[in-house]
There are 2 protein chains.
Amino acid sequence: MSSMEIIPAADVLSAEEHRKIDAYWRACNYLCVGMLYLVANPLLREPLKPEHIKNRLLGHWGSDPGQTFAWVHLNRLIKKYDLNLIYLSGPGHGAPATLSNSYLEGVYSEVYPDKSENIEGLQKFFKQFSFPGGIGSHCTPETPGSIHEGGELGYSVSHAFGAVFDNPDLIAAVVVGDGEAETGPLATSWHSNKFLNPVHDGAVLPILHLNGYKIANPTILARITPEELEQLFRGYGWDPYIVEGEDPALMHPLMAQVTEHCINQIRAIQTRARTAAPGTPVERPRWPLIILRSPKGWTCPKEIDGHKLEGSWRAHQMPVLDPVTNPAHLKLVEDWMRSYRPEELFDQGGALIPELKAMAPVGDRRITANPHANGGKLRKPLDLPNFADYAVKVDRPGKTLLSSTNTLAHFLCDVMRRNMTSFRVFGPDETASNKLQAIYEGSHGKTWMAALLPQDADGGDLSTSGRVMEMLSEHTLEGWFEGYVLTGRHGFFSTYEAFVHIIDSMFNQHAKWLEKSKLELRWRTPISSINLLITSLVWRQDHNGFTHQDPGFLDIVTNKSPEVTRIYLPPDANCLLSVADHCLRSTDYINVIVADKAEHLQYLTMPQAIDHCTKGIGIWEFASNDDGIEPDAVIACAGDIPTSESLAAVAILRERCPDLKIRFVNVVDLFRLMPEREHPHGLSEREFDSLFTIDKPVIFNFHAYASLIHKLTYRRKNHDNFHVRGYKEKGNINTPLELAILNQVDRFNLAIDVIDRVPKLQASASHTKQWLQDQIIECVNYAHANGIDAPALRNWTWSSMPPK
Amino acid sequence: MSSMEIIPAADVLSAEEHRKIDAYWRACNYLCVGMLYLVANPLLREPLKPEHIKNRLLGHWGSDPGQTFAWVHLNRLIKKYDLNLIYLSGPGHGAPATLSNSYLEGVYSEVYPDKSENIEGLQKFFKQFSFPGGIGSHCTPETPGSIHEGGELGYSVSHAFGAVFDNPDLIAAVVVGDGEAETGPLATSWHSNKFLNPVHDGAVLPILHLNGYKIANPTILARITPEELEQLFRGYGWDPYIVEGEDPALMHPLMAQVTEHCINQIRAIQTRARTAAPGTPVERPRWPLIILRSPKGWTCPKEIDGHKLEGSWRAHQMPVLDPVTNPAHLKLVEDWMRSYRPEELFDQGGALIPELKAMAPVGDRRITANPHANGGKLRKPLDLPNFADYAVKVDRPGKTLLSSTNTLAHFLCDVMRRNMTSFRVFGPDETASNKLQAIYEGSHGKTWMAALLPQDADGGDLSTSGRVMEMLSEHTLEGWFEGYVLTGRHGFFSTYEAFVHIIDSMFNQHAKWLEKSKLELRWRTPISSINLLITSLVWRQDHNGFTHQDPGFLDIVTNKSPEVTRIYLPPDANCLLSVADHCLRSTDYINVIVADKAEHLQYLTMPQAIDHCTKGIGIWEFASNDDGIEPDAVIACAGDIPTSESLAAVAILRERCPDLKIRFVNVVDLFRLMPEREHPHGLSEREFDSLFTIDKPVIFNFHAYASLIHKLTYRRKNHDNFHVRGYKEKGNINTPLELAILNQVDRFNLAIDVIDRVPKLQASASHTKQWLQDQIIECVNYAHANGIDAPALRNWTWSSMPPK
């Protein structure tokens, strides 16, 4: 325990406060059980009958009473200290705890007026829960006050930290389920305290709810020794306080004592850090953490049919399963509900009695009305510099080699400088590896609240006020980022392409959250997009090899709603700048940007890039020679490396097959390929046909797995003539060109593809084809002998092409 | 520290042993640096020149010397105690440590004879490393002795535990990188010690390599206080021992002391547990864990150009980047390499001198020759009962409703009973939820080494010798499972469909491992397949709602090599039995089985099921009425729920459009749809056309996202007439039929689809279509009013159909 003095439990709560807090808690719990079971007779004004019970009982009681217990005690302190506090519910199906409180706070009825604060509204409120056409039993987007759904477990703590970064006034209380605590993402997210600065960030108050059971098993943390438990959290850098018991009469004073102490400890840490003399180093404090050890399904019947119920896994979901058909069990439910004495809690009309109503905070201090949990309310657009000012100079297309992400970094650096309290950059130890280190100049380097050593001064770029966040956990970073944007701020995440799969599931969940929020819930205001730069691409894994080759994240993205997903493959630096600017302005999307970190050819001037990115797809005239007529073939491409190889193929064909008419199409905005009725960015049939013809061969060189292009285009008229190249799981330690060759996305194979598909070439180009095949063999031999690609090929540029 | 007495460091190693261990270590380190830099002059018999250096320097030095240090000390104890020990290398690019030892042990030359133990072989050994056409810098499948690649970080500890379950004699030493330790999967996998039984399992000896830096940042665990570090691991349930320093002369005795102590502690724990009086409860011991705190890049140059090198992030990859162009840096590399005194270590021919050769274990005790790390060598096929004995009785198709997974559980229970030391079942707290709890009868319940309470006796199914493994971490379970099969055993994993995405990336990595092992490395013997049952499917999320609806894992699976992936969608229990039996016999695949846990209609007798599953796809005659003629339409389906809805659509059409000729095709083995040249299971064009016709409409009702069927069939002749239904991200809290309706995979929409596509129906069936549309509205209204589907629809069976 900290050195702060702890007020004796008996002195914290007056008898009157104790009585009222308990009553409010009973009201919460009554509502929780009501929504689990009832379609009618909501206040038990008549004896409970089978017809009052839902036909199908689907819900979870287990963690509800522990969560409502935490909630009522947090309410007391919000009122006492005028706290700005939000609540995140980690345990999966614990929504009744949040829903019941939202209803008692009056917020639910404000958001959903038909769920009014009277018997009629209460009945609707009960019925809709976990009911077809109604709401879920997680804290779904429909739940006021929620920024964390908990449908998939493991992200509550990282979401909570994301919420409080740069919100010095905010406390995020986060109840962590002891089941959830077994997940990997949760287990490492406790270390987030090494990235939180008490001066300019708020505080996270975790409440580990150790109620002992998951669906069907005890939890690990509930079955280790108390010493181990305390050591674990001390080892994680927290200061744990334990509230343990099952008698509410004893638990209320204890919880009041511990929550008050923890809030005061948080305030003391913050005051100390914020009032220190200028220049005093900011030290990582030990933040308090509460371990609430209460029975699973607390306050439900102790036993059922001779089996332990309260305090066992049987109380995880519906403690009593068959009240409709089993009269004794109906009685059990009725007695249980009446044990909360609803007649003392609600007035004749069905509203909470004024004495209890007064226990809740008011206005925006009500937890479920806190604007931080509806972040669009607080969001201000970024102050963005003009991205065109960061343009690279392009005299002729395909002449200069440079790293597009490095160019982007200078733009992001100034975005950072202009938005020093509302923009963060995230990356798993790879910001510099991804050539984005120029951001550090504007970001005070990287966030680091763990120990600093003298040698860190030499290039460490670490600072307690750093704003680039790096931890070797994609899960934690994504969780922080989500929490940050859900509370109204902005960010940018870069990660290795192959390992973005680590957060596939987080992507899915956030996309689902956005879709519901955006399409169905008008009261949820738009939040900033998640901007995800995928880099260190499949095609440049010279030493990482096969494990780092997987461009399949885009397949995951295209499974989600077109209303919330965008994919961009900018071919060069100016396009990347244009795309990034667009993404940083957007709301309610997940923007996926695919751009490699290595040096690549540059093609478009900034005006051309803006035009190209605005259209999202277009013919590159400089590489086409089909002026005004139907081409013999279309060479299309998406992605920086495929674009470069496709252009090299065009150069070869232009030289060796001068009569061939080629149209060169580049795709930036991948969803332009989809039919317009299926995606808002989709090209019309006419636009598509005018680019790709209706009958000419299309050789499409794609960054990722070829099947994705077929998935997007199979309804198009000319689809049967689409011949798509992409990654096909062939690779090891290879030079760039060798890897391209193995997967047939290289210049030589593409030229062969064209020759094979254009009838007029099939006779005339046979020795060109042989030459191409020889080139392939030579390239591989050279690489295996020398460890690099032949210089002539590595340094190839389009700008050496003679004018058309 | 434990109560065991620790031998004073000075007494552990004799001066002679110390000298020889250090020499062996220098040989390892010399080889590590050699493979990073050299293409020629491998033993520095002439002065180092630029032309001896690789053209492109790609590799990682950082963790190599710490790992080789651990290795040489483990070697000492293997010899001293005749230990059966394998080594897992957690840090990403640390392969040089394993490769160098494999070469010194003579194993590398046995496996790859051209890398012989002489100068010529050594030169090849150096050159191939991280070189195009050569081998990677992770412990790839090409690395003898490796079962853990480390290309993606986070799974070393779970792999190590998987290796030792049911291997009482085996010790898995696992070096964990402090970067890796920040990942979520690693952070929770420390809790694996709650699942390891000292009587019948072996031991894991983790060596946390705290060398302080990742690519570009310090690591968290290196920058918390020593007290926190110790508390953390005590909290995780381990007994940590710290070996810290940088002077090899001091570090050798310390490491010898600690490793010897830990090995003896392991042996003492095991002896105590294994010699206890019968009936004595097995208690969870505190296993030892070593924290090796050595400088990053230990023994490389201390500084470069005035910057700290050894002990900083600059030593993570190549400490000296430009020896070819910078003569001073060339000198630095040469001096560094010569500091290991290669002339004392290798004889004239280039072989390790006999005195040092004798330091390595011999035969299969050599770590990189240990057969556990090439599990197929030890694998014995499962002793399987006849799956047909578990068949459900099917009088008429589509009459009985039952849970297919429950049927499967009885079979798996007996598989377990017959293979009590080589078969385990895995599931994240969901085995019972997935209706597989019958397995517990044969498995001694579930593995549980944490505390037991009296109440666990009532239905807890927990036991220290339980063989079903449940933890709320898909990552840990998959890691255990992989480690278990990689060491020659068998298993079965069931998990919720939506959350299998949590292990997308692990699937990718294991598939890549299998592909290389199977197709390129003959010396790697086949291992058992990973069998993954995906259940609690998208279509039955009545109360979990939208977050639990994602069938996209199959898209991930189809991106990987057809040589190692299989997908099965058995439509009923007998098919599920047949498929499961097939999967349990197979090797070197990842088998994905999709089958729901809820009650569904049963269709096929066991002989029919065997026939159907053997073919993988087929016409169901009982549901077809196109006897011998071309049908008007093909109704095809894959997946249990789509099959049921498709049959209901056929029933409606049969009744209301009696002239319609329908062919009903069911797909079990999804890859049958692919062209035969692209997948070994692919149907020939002729077979495909004979099932699906070349010009009739095909209404394909698919379990997952519709695009996957297009991805598999777009090259087929009749593809333009394929009309695929599948999940399209529409859902919330819905009854089963309502959810099907929202996504148009329901009977009514399917019937409409057929009517819309069969010309002869378009006039005649207009009021049928209206009736179908009315049904849809009625169904949804009923669900919203009553919370359930209308009983007539819920209880629908095909067997009420009049005979054809």
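Trainee: How many residues does the contact take from chain A and from chain B?

Mentor: Good place to start, and keep in mind that this is a predicted model. The contact takes 100 residues from chain A and 100 residues from chain B.

Trainee: Which elements of chain A give two or more residues to the side that touches chain B?

Mentor: They are helix H8 (184-189), helix H9 (226-235), strand S7 (307-308), helix H17 (504-520), helix H18 (553-557), helix H23 (707-713) and helix H27 (766-786) of chain A. H9(A) gives the largest share of that side, seven residues.

Trainee: And how do the residues of the side of chain A that touches chain B divide by class?

Mentor: There are 29 nonpolar, 45 polar and 26 charged residues on that side.

Trainee: Let's go inside chain A. Which domains does the assignment give there?

Mentor: Domain 1 covers 9-274 + 284-373, domain 2 covers 387-600 and domain 3 covers 616-800. Taken over C-alpha atoms, the centres of domain 2 and domain 3 of chain A are separated by 28 Å. Their contact takes 34 residues from domain 2 of chain A and 33 residues from domain 3 of chain A.

Trainee: Which elements give two or more residues to the side of domain 2 of chain A that touches domain 3 of chain A?

Mentor: Those elements are H18, strand S15 (565-568) and helix H19 (573-585) of chain A. S15(A) provides the largest share of that side, three residues. By class, the side of domain 2 has 17 nonpolar, nine polar and eight charged residues.

Trainee: Now the sheets. What is the strand order of the open sheet with parallel pairing in chain A?

Mentor: The general idea comes first: strands of a sheet pair through backbone hydrogen bonds, either parallel or antiparallel. Here, five strands of chain A form an open sheet in the order S1-S2-S3-S5-S4, with parallel pairing. Strand S1 (84-89) and strand S4 (238-244) of chain A are at the edges with a single partner strand each, so one side of each has no neighbour in the sheet. On average, neighbouring strands of this sheet are turned by 20° against each other, direction ignored.

Trainee: How many bridges join S1(A) to strand S2 of chain A?

Mentor: Six bridges join S1(A) to S2 (residues 170-177) of chain A, and the two strands run parallel. To find your place in the pair, look for A:Leu85, which stands opposite A:Ile171 in S2(A).

Trainee: Which strands does helix H3 of chain A lie across?

Mentor: H3 (residues 64-81) of chain A lies across S1, S2, strand S3 (203-209) and strand S5 (287-293) of chain A, and runs at about 175° to S1(A).

Trainee: At what angle do the axes of helix H2 of chain A and H3(A) cross?

Mentor: Two packed helices are described by the angle between their axes and the distance between the axes. For H2 (residues 15-37) of chain A and H3(A), the axes come within 9 Å and cross at roughly 140°. The two helices are therefore oblique to each other. The crossing of H2(A) and H3(A) is right-handed. Residues making the contact include A:Tyr24, A:Trp25 and A:Cys28 of H2(A), with A:Phe69, A:Trp71 and A:Val72 among those of H3(A). The contact of H2(A) with H3(A) divides into nine nonpolar, two polar and two charged residues.

Trainee: One more sheet, please. What is the pairing in the open sheet S18-S20-S19-S21-S22 of chain A?

Mentor: The pairing in that sheet of five strands is mixed. Strand S18 (617-619) and strand S22 (722-725) of chain A are the edge strands, each pairing on one side only. The twist averages 20° from one strand to the next. Four bridges join strand S21 (residues 698-702) of chain A to S22(A), and these strands run parallel. A:Val698 has A:Phe722 as its bridge partner in S22(A). Helix H25 (residues 747-757) of chain A packs on the sheet, touching strand S19 (633-638), S21 and S22 of chain A, and its direction makes about 160° with that of S21(A).

Definitions and conventions:
Residues are numbered from 1 along each chain as its sequence is written. Chains are lettered from A and ligands numbered from 1 in the order in which they are written. This is a predicted model: local features need pLDDT of at least 70, side-chain atom pairs count only at pLDDT 80 or more; totals for chains, interfaces and linings use all residues. Two residues are in contact if their C-beta atoms, placed from the backbone, lie within 7 Å. Ala, Val, Leu, Ile, Met, Phe, Trp, Tyr, Cys and Pro count as nonpolar, Asp, Glu, Lys and Arg as charged, and the others, Gly among them, as polar. Domain bounds come from an automatic or database domain assignment. Two strands pair if DSSP finds at least two bridges between them. Axes are lines fitted to C-alpha atoms, for helices over the stretch in contact, and angles run from 0 to 180 degrees between N-to-C directions. Angles under 35 degrees count as roughly parallel, over 145 as roughly antiparallel, 65 to 115 as roughly perpendicular and the rest as oblique. A crossing is left-handed if the near helix is turned anticlockwise from the far one by less than a right angle, and right-handed if clockwise.
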